[in-house]
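Visitor: I would like a close look at a single part of this model. Please take me through its strands and helices.

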Amino acid sequence: MSSKLFRKLSFGIQKTKKSKLRPQEETRLEISRISQENLEKYDEFREKTIGKIEKKSQKKGKNFEQKENEDVGSPEEARKNLEKLLGEIRRANRIFTWGENIPDIILRFGAEEGFEKSIIEKLKEANIEKPSPIQMQSIPLMMKRRNVLSSAPTGSGKTLAFALPVIDEILKLKNRSESAKNKLLAIILEPTRELANQTFSEFQKYSNGEIECCNFSGEDEEFEKAEILISTPNRIVFHLEKLDLSHLRWLVVDESDRLFEVVEGNEKCFRNQLAAIYKACEAKCTRTAFFSATFSQEVEKWCKENIDNIGMVCVGERNSSNTHVKQELKYCGTEDGKKVAIKLLLKTQFKPPALVFVQSKDRAAQLVKLLSAIDGSLKVDSINSDKSDKERDETMQRFRNGEIWVLVCTELLGRGLDLSDVGLVINYDLPTSIVSYIHRVGRTGRAGNRGNAVTYFTDSDIQYVKSIAMVIRQSGFEVPQYLLEMKKVSRDKRKDLLKRAPKRHKIAVVKKVAKKKKMKKTVRTNE
Ligand SMILES: Nc1ncnc2c1ncn2[C@@H]1O[C@H](COP(=O)(O)OP(=O)(O)OP(=O)(O)O)[C@@H](O)[C@H]1O
């Protein structure tokens, strides 16, 4: 891509140079960088800007007033100081924006920031004290009813970045007017049932029983009274004619780059479904919000061309992996080498639970067999789209409860799932794109926690490893130099890889019994 085009499409975010390798040990990372000193300055400048200090100081006496005015100057000066301070905080948190009239970031979840009391209480209960960078900027944009396109690393709190403003607005609407009740006011689109279930739980939790939330992708089919509908696009498309969209305030497209994907020859691909829904949401009051950890230029271009008054937010480096996840590339030579590597890993450094990604449903079943054979006591299972909805839900529940230690999965679990205890992700089969890599390793190292990710590759994978090696290096972790120096794979080959994962030998269990028999035979012959 030419640098000119990059500038045009990425609202000024520079491609950064290689980041420094990070130190081996780092303590738990903060979700955002807001120092106490900056918070105090923020309060001071803000109060002065809106003229509250004078009122306060009148109460406290003349001396206080003089001191305050010396410190922060006139309201105009205070506004300038505030803007400077917010600029510094944006830079420290790597918040980049594009668009006109971008509102101030928020540094707290408080009544002054406009939040409903019940939301503030729920956040306290969940020990969520301060906003993450994507929340700092996306929430005020959405509260100002702007269309948004937001991107931030995996596990950085994007769900609450859209859930809180949507819930807040609906609570306010319902408090103001009886007529808002039992009208469909928001639709949240997710690419998988699992993700829809998870997002539904978050909406239920923060709406505190005051909003009718409906999980369209679950068993909850009663949508007539729904005020917020959370669903995969196919369910919405199926029921589109029955939905009254005339009051819709928000259409949120989570994992937006995934929902923009076109599958040639497939009429029912996400892109077509999204187009049908978008077209149907034509009420004047509807705003659209797009969120994802990976940001395709196509989505950005489409938003700029088609959506008025959009505010864009990008946290950190575009399309980069989560730096809280320690990432490692492991050369295994052959498919058999991968078996040896995983056996060793699970026997030595393993602390459950872990997620293991493979490229197909068949390989998931094969790997479960192999891992069970390696260690009979290992609680291992798999999940894929061939299983029934009930089986999938049960497997997820067992994994969340700790009854499954190693969950072998396909791309189905690659995106969005927040499995907070997962400390290890193993890419048993090399991901077929950097987007897939970023989302898969993002299943660990969430909300400031640290995580580990290991990616295996064989001789036949080597040609495809370079781009992943570059992402890992960009996040500050070591990769073998020769991988970075390899030739780039052509665009056509990359496209092919997305359509068809490479052929691999079956993950066969080495039968110990057969070996024993063979040994006995040898002994007898010797006799
Ligand atoms: N401000 C916050 N402070 C602390 N924890 C938070 C905050 N906001 C969200 N979290 C927690 O962070 C975790 C990850 O959040 P979330 O699932 O929204 O990430 P995400 O950015 O959507 O990730 P992905 O790109 O993988 O979908 C959740 O457990 C959530 O409760």
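Visitor: How far apart do the end C-alpha atoms of residues 324–487 lie, and what percentage of the span is helix and what percentage strand?

Guide: The end C-alpha atoms of residues 324–487 are 29 Å apart, and the span is 40% helix and 20% strand. Helices (H or I, at least four residues) and strands (E, at least two) are DSSP runs, numbered from the N terminus. This is a predicted model: local features need pLDDT of at least 70, side-chain atom pairs count only at pLDDT 80 or more, and totals for chains, interfaces and linings use all residues. Residues are numbered from 1 along each chain as its sequence is written.

The UniProt record, an unreviewed entry, annotates residues 324–487 as "domain: Helicase C-terminal". Such annotations may be inferred rather than shown by experiment.

Now the sheet. It is open, with 6 strands in the order β9-β14-β13-β10-β12-β11 and parallel pairing. Strands pair if DSSP finds at least two bridges between them. Neighbouring strands are turned by 20 degrees against each other on average, direction ignored.

Take β11 (residues 380–383). It runs parallel to β12 (residues 406–409), joined by 4 bridges. There, D381 has L407 as its bridge partner. With helix α16 (residues 389–401), β11 and β12 make a right-handed β-α-β unit. Right-handed means a clockwise path from first strand over helix to second, with the strands pointing away from the viewer.

β13 (residues 424–427) and β14 (residues 451–458) also run parallel, with 4 bridges. L424 stands opposite N452 in β14.

Key: Axes fitted to C-alpha atoms, helices over the stretch in contact; angles between N-to-C directions.
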